Protein chains: 2
Amino acid sequence: MAGGVGSRFWPFSRTKRPKQFLDILGVGKTLIQMTYDRFSRFIPKENIFIVSNQQYEEIILEQLEGITKNQILSEPMMRNTAPCITYASFKIHKLNPNANIIVTPSDHLILKEDEFIDIATKGLNFIKNKDALVTLGITPTHPETGYGYIQAHSGQTENEILKKVKTFTEKPDIKMANLFLESGDFFWNSGIFIWSLTSIMEALKEHTPDIYILFKEGIDIYNTTSEASFIEKTYNECNPISIDYAVMEKADNVYMIPSSFGWSDLGTWSALYTHMEKDENNNAINGNNVMTYKTNNCIIKMPNDKLVIINGLCNHIIVERDNILLICKKEDEQKIKHFLEDVKSEKGNKYI
Amino acid sequence: MAGGVGSRFWPFSRTKRPKQFLDILGVGKTLIQMTYDRFSRFIPKENIFIVSNQQYEEIILEQLEGITKNQILSEPMMRNTAPCITYASFKIHKLNPNANIIVTPSDHLILKEDEFIDIATKGLNFIKNKDALVTLGITPTHPETGYGYIQAHSGQTENEILKKVKTFTEKPDIKMANLFLESGDFFWNSGIFIWSLTSIMEALKEHTPDIYILFKEGIDIYNTTSEASFIEKTYNECNPISIDYAVMEKADNVYMIPSSFGWSDLGTWSALYTHMEKDENNNAINGNNVMTYKTNNCIIKMPNDKLVIINGLCNHIIVERDNILLICKKEDEQKIKHFLEDVKSEKGNKYI
């Protein structure tokens with residue numbers, strides 16, 4: 001899933017170039033490239049499909065070597081994850097009704113790839129013989145208020161590694177997050193799912209029949225030249241709804257694998273900062289020509305060809321891209337979306 | 001005099017584009033244009049001569065409408081003000097040996113132009129009948145440590161407005177500057193001089209005979225096609241020395257007019273800040289697309305086409321030009337020259 005147009009990393013991310021297509025960690029690969037490489041280690045490339053907004057088709061073909069146009073599912077508009085997964089399920093069904101599927105966001109970080117592959121493989125083995133919707137829950141390391149949580153039935157395990165899921169919860173406040181952490185039954189919702197095509201089709205049909213029926217109408221159209229226009233019409237008729245809300249919270253065959261493979265959704269500058277390399281003054285610097293003096297705990301992302309001299313900043317985000325410069329105190333990063341609204345209302349869409 | 005290559009406003013000023021050729025106040029005119037316009041009000045344009053480094057000839061012709069190539073005296077290298085003034089004196093001597101002259105830096109600010117013209121006119125009248133070297137001394141408003149001072153003989157006035165000069169002093173420390181301010185006999189050295197050609201030629205001959213003789217050799221060459229090569233050779237042989245040191249401190253016919261026409265040498269970002277328009281948060285902002293939040297007492301100079309969002313800065317200088325960005329605490333502006341040395345040693349001359 002690579003359809004996001006997140007604005008939290010503006011101006012580094014832009015509508016025309018959202019986070020998943022950026023080398024946001026400064027490691028030489030974009031996030032979707034890292035995700036693609038991770039899955040290519042145990043999934044044949046021809047079995048990898050990317051659902052994204054149609055405006056990103058070109059950038060996907062550029063960034064992912066070995067991916068062809070027919071592996072890209074182009075969405076005409078944003079409709080959240082339930083329509084996205086339904087579309088992909090019907091399309092794959094036509095290719096192989098016996099497929100087993102891993103669904104994953106394209107813009108998350110996973111540090112321990114071997115452990116991830118091990119867990120994903122266990123999940124795939126589990127669903128071979130069982131009608132189950134499996135999700136990967138991340139064992140929390142701190143009382144994070146920025147993530148949704150999954151509550152597992154305590155003690156109850158299947159196959160020694162899987163737990164049955166009790167509920168999905170929204171982002172908690174800090175008090176609640178502390179209780180979640182203490183209880184040991186709560187896990188971060190990674191948005192990574194493992195299921196057989198049969199199980200997810202059945203679940204969609206049962207729990208979100210409106211969407212299921214809309215996409216079922218195209219059963220003879222998928223993988224034909226009429227697919228794009230059918231999808232255009234269908235997405236128009238769909239309500240935006242997440243797969244968590246549409247299916248996972250309602251189904252009673254949901255399982256979770258507790259996981260600790262160094263996961264982050266990289267959803268904020270602070271999360272990003274945690275995973276960037278720091279210099280001796282704790283500055284995370286990307287850019288070949290940045291010189292700092294009396295500056296610490298900053299995130300600095302600058303074009304390589306730009307000479308930047310910074311003296312006397314502390315706990316700031318300093319980012320430039322495409323002739324847009326943002327300087328923002330780290331503690332105010334939640335305000336970036338408000339700045340963006342001001343930019344939009346004062347200058348129009350050209351900077352968004 | 002427009003030969004400076006000051007680096008204190010880097011990266012807004014650059015070697016290829018020093019301060020005098022910049023609209024550093026953001027008023028729509030460069031400093032040399034402001035100086036030229038000020039003098040054009042009471043001096044015929046054809047009587048205005050500009051001495052500058054030869055690399056700036058083109059920029060002068062661009063910026064000063066009505067100035068022709070033969071009014072520009074091109075210096076092949078920097079040799080301070082004594083050679084500059086000697087060169088100009090000999091060249092003008094050939095055109096009009098009876099000329100009276102005002103010498104002025106091209107990059108200073110004068111807010112009260114009418115008062116300036118009034119005082120300059122009084123100076124010109126004074127030297128008509130007297131062999132005198134007149135300088136304009138600025139009545140100090142605060143114990144400035146960034147300027148040289150002129151000490152006048154106390155009480156002694158000529159013509160009711162002129163004072164005889166006792167000594168020239170270097171930049172004082174703050175204790176001394178306070179004493180200067182209290183005494184009432186000390187004035188800021190503006191570097192503006194008024195004299196007859198006869199008087200200055202006589203003074204050069206007497207007090208700095210080495211330089212005088214070097215330039216006298218070209219007496220038949222000024223205003224001919226051989227002038228440039230003669231000047232090239234002569235500047236090479238000259239020691240760099242200021243007119244203050246070479247002549248003014250030695251001559252005993254030096255007079256001063258106490259002046260209060262809103263003068264500043266605009267020699268530091270702080271001096272500049274004083275004279276820039278401020279917004280309600282005391283930010284001095286140049287740039288059409290700058291948006292600030294929780295930001296105050298800053299100097300912000302940005303290209304007009306650049307979108308800039310600043311949140312949470314206080315007492316900083318933020319300047320960008322030619323793809324070079326400088327962020328520096330105001331209190332550290334003296335360090336900019338050290339940053340520049342680091343840039344030079346790490347990146348070479350291309351950013352200087």
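Buried means under 20% relative accessible area, exposed over 50%, and partly exposed in between, using a 1.4 Å probe and protein chains only. This is a predicted model, where local features need pLDDT of at least 70, side-chain atom pairs count only at pLDDT 80 or more, and totals for chains, interfaces and linings use all residues. Residues are numbered from 1 along each chain as its sequence is written, chains are lettered from A in the order in which they are written, and side-chain values use heavy atoms, leaving out hydrogens and water.

**Exercise 1.** Work out whether B:Asn283 is buried or exposed, and what its side chain reaches.

*Solution.*
- Start with the location: B:Asn283 sits in the loop between helix H10 (269–275) and strand S11 (284–286) of chain B. Helices (H or I, at least four residues) and strands (E, at least two) are DSSP runs, numbered from the N terminus.
- Next, accessibility: B:Asn283 has 1% relative accessibility, so it counts as buried.
- Now look at the polar atoms. The B:Asn283 side chain reaches the backbone oxygen of B:Thr295 at 2.8 Å, and one of its polar atoms lies 2.9 Å from the backbone nitrogen of B:Cys298.

**Exercise 2.** Find how much of chain A is buried, and describe its overall dimensions.

*Solution.*
- Take the burial first: buried residues are 55% of the 352 residues in chain A.
- Then the box: along the principal axes, the C-alpha atoms of chain A fill roughly 60 × 50 × 40 Å.

Technical notes: Polar contact = N/O pair within 3.5 Å; in protein donor to acceptor, adjacent residues only side chain to side chain.
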